[in-house]
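Trainee: I would like to learn how to read the features of a model. Please take me through them one at a time.

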Amino acid sequence: MTNRFTRAVATLVGLVLTGSGLAVAGAAPAAADFEVDCPRGYFCGWTGDDADGTMWKTNKSVADLGRWADDIHSYANHKDAEACLYGERNYDRSSYLWSVERAPSGEGLAMYGENTRVIRSIKFVQDPHECDVSDYPSWAASPTSGTPDFGDMDGDTRPDVVSRDRAGRLWFSPGSGHAGRIIGTGGWNAMSALTRHGDFSRDGREDVIAREAATGRLWLYPGTGSGGLGARKLIGTGGWNGMRGITALGDLTGDGRSDLVAAEKSTGRLYLYPGTSTGGLGARKLIGTGGWNAMNTLVGMGDTNGDGRPDLYAREAATGRLWLYPGTGSGGLGARKLIGTGGWNGMAHLVAVGDVNGSDAPDLVAVTDDGYKLDGSSYGAGWQLTYAGHGDGRLEAASPVQEGWWGFTAYC
């Protein structure tokens, strides 16, 4: 296939859509006018190779392009959404061709010419991962009696997953395997940290904590008990941009309240922020005197070694090793133990989900990056791997579960 690319600068004019959403315009005399001819808010196609010939336009998804399927030889996307192009009708994912980036907010619309592929349907989405995978990460887990509350946001004793896509939406994927749904319609890209696990609001439901990048404030989003989130509450007035690895990990102090840990960027110290009876955070306590800047990921796992205390996993950036820091029950962490000898830097995300397989021990889920390989086979980005917990702090070998977890910027 040839798909020549052109970018032009021009003045915009408006055209009116008629009928079902697919409109036909007269012949365009020259490619230099394509940004004028294709109005903002529309995807346009031309019968000619260089934005010439007869032009059609649409501002909504079209499941069947009919006779136009064979006649789109150049196109431009002037809409504020990604355009998914398919070789078959009804947005058949098996026939997915490619996506066309959304229009820039200013000048410089892109035009693609000399197309030789048949395009039978077009769908507009907020993030290109929606073109050929589910809108949300597909997820299913077994009921558990060992950690019935850890990770469960909808009260069915199965751990659930929360994810953020590149469009800034927050998704809830239930452990039941049923369809996921949006629980945050937008604006979540304003948050530079997301963490979950523990009932901070003291209502028996798991909550989400988020740091606002622009202000350094820390917000609590209380769980509703049905997988959603309630009105947020400010629990940190500022200064949280000075912390990294903000991690909720359960009751570390043994007082029945959920706690938070975070590493200080300037010193590499690790601090505990104990939960209070009113859903806030108390005065911080130093629990790691230094060296925590060497860790690029912290994961609040729950009780991995069976002693009734929550534990922390940490990934060492320089070596890709994974370390277990066991909770002491008095608000501190014990001597670390190596549980992963290397290769953990090949994971884009490490996600604490509780007990996935019903063995009553917490498991770890990882999402691969572009370079991930297992047993000599390349998997690429977006594979979900499950590492089953032994119950003694260690993990079983990786078990690839499914692909389709790419396109998301955060999990908790």
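**Pockets, sheets and phi angles**

Mentor: The largest pocket has a volume of about 670 Å³. Of the 32 residues in its lining, Leu194, Ile246, Thr297, Leu298 and Tyr411 are the closest to the centre. This is a predicted model, in which local features need pLDDT of at least 70 and side-chain atom pairs count only at pLDDT 80 or more, while totals for chains, interfaces and linings use all residues. Residues are numbered from 1 along each chain as its sequence is written, and side-chain values use heavy atoms, with hydrogens and water left out.

Trainee: What is a pocket, and what are lining residues?

Mentor: On a 1 Å grid over the protein atoms alone, a pocket is an open set of points where a 1.4 Å probe fits, with protein on both sides within 12 Å along at least five of seven lines; lining residues have an atom within 4 Å of a point. Grid points are joined across faces, edges and corners, and the volume is the space filled by probe spheres set on the points.

Trainee: Which strands each supply at least two residues of the lining of the largest pocket?

Mentor: Strands are DSSP runs of E, at least two residues long, numbered from the N terminus. Here β13 (191-196), β17 (243-250), β21 (295-302), β25 (347-354) and β31 (408-411) each supply at least two lining residues.

Trainee: What is the strand order in the open sheet of 4 strands?

Mentor: Two strands pair if DSSP finds at least two bridges between them. The order in this sheet is β13-β14-β15-β16, with antiparallel pairing. Its edge strands, β13 and β16 (233-236), each pair on one side only. From one strand to the next, the twist averages 30°, where axes are lines fitted to C-alpha atoms and angles run from 0 to 180 degrees between N-to-C directions. β13 pairs with β14 (residues 208-212) over 5 bridges, and Thr195 stands opposite Ile209 in β14.

Trainee: Where does Asn90 lie, and what is its phi?

Mentor: Most residues other than glycine have a negative phi. Asn90 has a positive phi of about 60° and lies in the loop between β6 (82-86) and β7 (96-100). Glu114, in the loop between β8 (109-113) and β9 (121-125), also has a positive phi, near 55°.

Trainee: How many bridges join β3 to β4?

Mentor: Strands β3 (residues 43-46) and β4 (residues 53-58) run antiparallel and are joined by 4 bridges. The bridge partner of Cys44 is Lys57 in β4. This hairpin has 6 residues between the strands, and Ala51 takes a positive phi near 55° there.
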